[in-house]
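Please look over the sequence and the structure before reading on. The paragraphs below then go through the parts one after another.

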Amino acid sequence: MPIRDKSKKALALRFLTEIKPRLLLKFIFGAGVGNLLALQAFEKRRKEGLYFPPFVFISVTQRCNLRCRGCWAVGAKEPADMERELLEYIVDESRQMGCRFFGILGGEPLLLDWLPEFFIENRNSYFQLFTNGHLLTRCIADQLAHAGNVTPLISVEGLEKSYADRRGTSSGFAQALKALEICREAGLITGVAVSVSQGNFADVVDDDFVDEMARRGAHYLWFYIYRPSGADPNFDDALSDSQVRDLRQFIVTQRRRCRSLVIVDAYWDSDGNAVCPAAMGISHHINARGCVEPCPPIQCSDARLSVNCDAAALISSSTLLQRFRDEVPTLTRGCVLMDHPAFMVELAGRCAAADSSGRDSFFEELAARPAMRCHNHSGDPIPETSFFYRLAKKYWFFGFGAYG
Ligand code: SF4
């Protein structure tokens, strides 16, 4: 049994001492209760044959101030920003379907100067802001605190050396940490995201890294597995099968050991079986031009949203999304982009899906991908051993039976 370090503050105590009560209540009702209600509405719809995800992820811009190797967001020929009216419309339409929680991605979302004001005007929803942190000034953090309905998720790709390898600059690492400090000073509930790869595995799959992120102010730590994507994928940086297994074991162990923050993953259910959120239909991605994609790195679409369209009907009737849900679980419990890229080419063709990457090269990139292993690691599943996480995954997030 892992030994708990009692010298560190438990997360509940951190929430009470670090977060403004108004923001904490917003988080509990927006991200907590709101999500539960959204999942209940989703389950009810699903039984009626209507598919609209409870979690909507929206990329509000294709522009970014960084150019990380292997990122799906890099390389659009004419990078687009989402029209503010369209974002309003998507959020409103999604709320009609019971959604309360939205992931806001880019590019770098904070390149849109109207975004903080948008959050303030949409206090009836809760937003997770995916950011590299470079533009997250104290002024922006104060605006987010004023809005009260935003949790920044700052991407820190490991430690300084691995950050530099991924992003081609090490100076940004200090800026990401500075953003974390600014969020702490502003009293925001803040997360840190890490995309685990060969390059940073030793840095981040480590007790000290988890403790350091908590010490610096993170309330949750989201582990992603690096999926080489875009026009310049770095396949050599993808994790090996045994590293994925080690990562899974590490996450399970940390959930028992570290009381100071929540460890997030969206790859495994309570029993440790691999899952794909897009194949379960619980989340989809809408890009800056309104194209609905299974998830951010699968950049093709047969449904495009515009202001005043019937968003629910368009998403529910998307052939691509429907066949993705029906067929992917018969092939893999893991990531189809990694495990079966050739199938994804064929599926997109059968559904007459269009390239939505903005690079006009998504299908060639997909066809050139080698099949790799991802989170569906070999060997027995590694179940959750923490009561809380087990409960959350079993009854709230991954209990929808997409895999039969
Ligand atoms: S296809 Fe892969 S990247 Fe997309 S949602 Fe599924 S597991 Fe995640």
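**A walk through the model**

The shell of residues around the ligand divides into eight nonpolar, one polar and one charged. This shell belongs to a predicted model. Its residues are Arg227, Cys276, Pro277, Ala278, Cys295, Pro297, Ile298, Phe324, Cys335 and His375.

Next comes the sheet. Nine strands form an open sheet with mixed pairing, in the order β7-β6-β5-β4-β3-β2-β1-β8-β9. At its edges are β7 and β9 (292-293), each of which pairs on one side only.

Strand β7 (residues 262-264) runs parallel to β6, and three bridges join the two. One place to look is tyrosine 220, which stands opposite valine 262 in β7. Strand β6 (residues 220-225) is mostly covered, as five of its six residues are buried. Strand β5 (residues 191-196) also runs parallel to β6, and six bridges join this pair. Here alanine 193 has tryptophan 222 in β6 as its bridge partner.

Further along the order, strand β1 (residues 55-59) and strand β2 (residues 101-105) run parallel and are joined by four bridges. Within this pair, valine 56 stands opposite phenylalanine 102 in β2.

Now turn to the helices. Helix α9 spans residues 207-215, and its buried residues are Phe209, Val210, Asp211, Met213 and Ala214. At the start of α9, a side-chain oxygen of aspartate 206 comes to within 2.7 Å of the backbone nitrogen of aspartate 208. After the helix comes glycine 217, with a positive phi, near 120°.

Helix α15 shows how burial can be arranged around a helix. In α15 (residues 341-350), the residues Pro341, Phe343, Met344, Leu347 and Ala348 are buried. Where do these buried residues of α15 fall when seen down the axis? They fall within an arc of 150°, so they line one face of the helix. An α-helix has 3.6 residues a turn, so residues three or four places apart point the same way. On the other side of α15, Ala342 and Gly349 are exposed. The cover over the buried residues of α15 includes β10 (300-301), α13 (319-331), α14 (336-339) and α16. Alanine 352 follows α15, and its phi is positive, near 50°.

Is serine 356 buried or exposed? Its relative accessibility is 7%. Buried means under 20%, and serine 356 therefore counts as buried.

Which residues is serine 356 in contact with, leaving aside its neighbours within four places in sequence? They are Gln62, Asn287, Cys291, Glu293, Gln299, Cys300 and Ser301. For Cys300 there is a further detail: the backbone nitrogen of cysteine 300 lies 3.1 Å from a polar atom of the side chain of serine 356. Distance along the chain and distance in space can also be set side by side here. Serine 356 and arginine 304 are 52 residues apart in sequence, and their C-alpha atoms are 9.7 Å apart in space.

Definitions and conventions
Residues numbered from 1 in each chain as written. Predicted model: local features only at pLDDT ≥ 70, side-chain atom pairs only at ≥ 80, totals over all residues. Heavy atoms only, no water. Buried < 20%, exposed > 50% of the residue type's maximum accessible area, 1.4 Å probe, protein only. Contact = heavy atoms within 4.5 Å. Polar contact = N/O pair within 3.5 Å; in protein donor to acceptor, adjacent residues only side chain to side chain. Near = heavy atom within 4 Å. Nonpolar A, V, L, I, M, F, W, Y, C, P; charged D, E, K, R; others polar. Arc of directions from axis to C-beta. Pairing = 2+ DSSP bridges.
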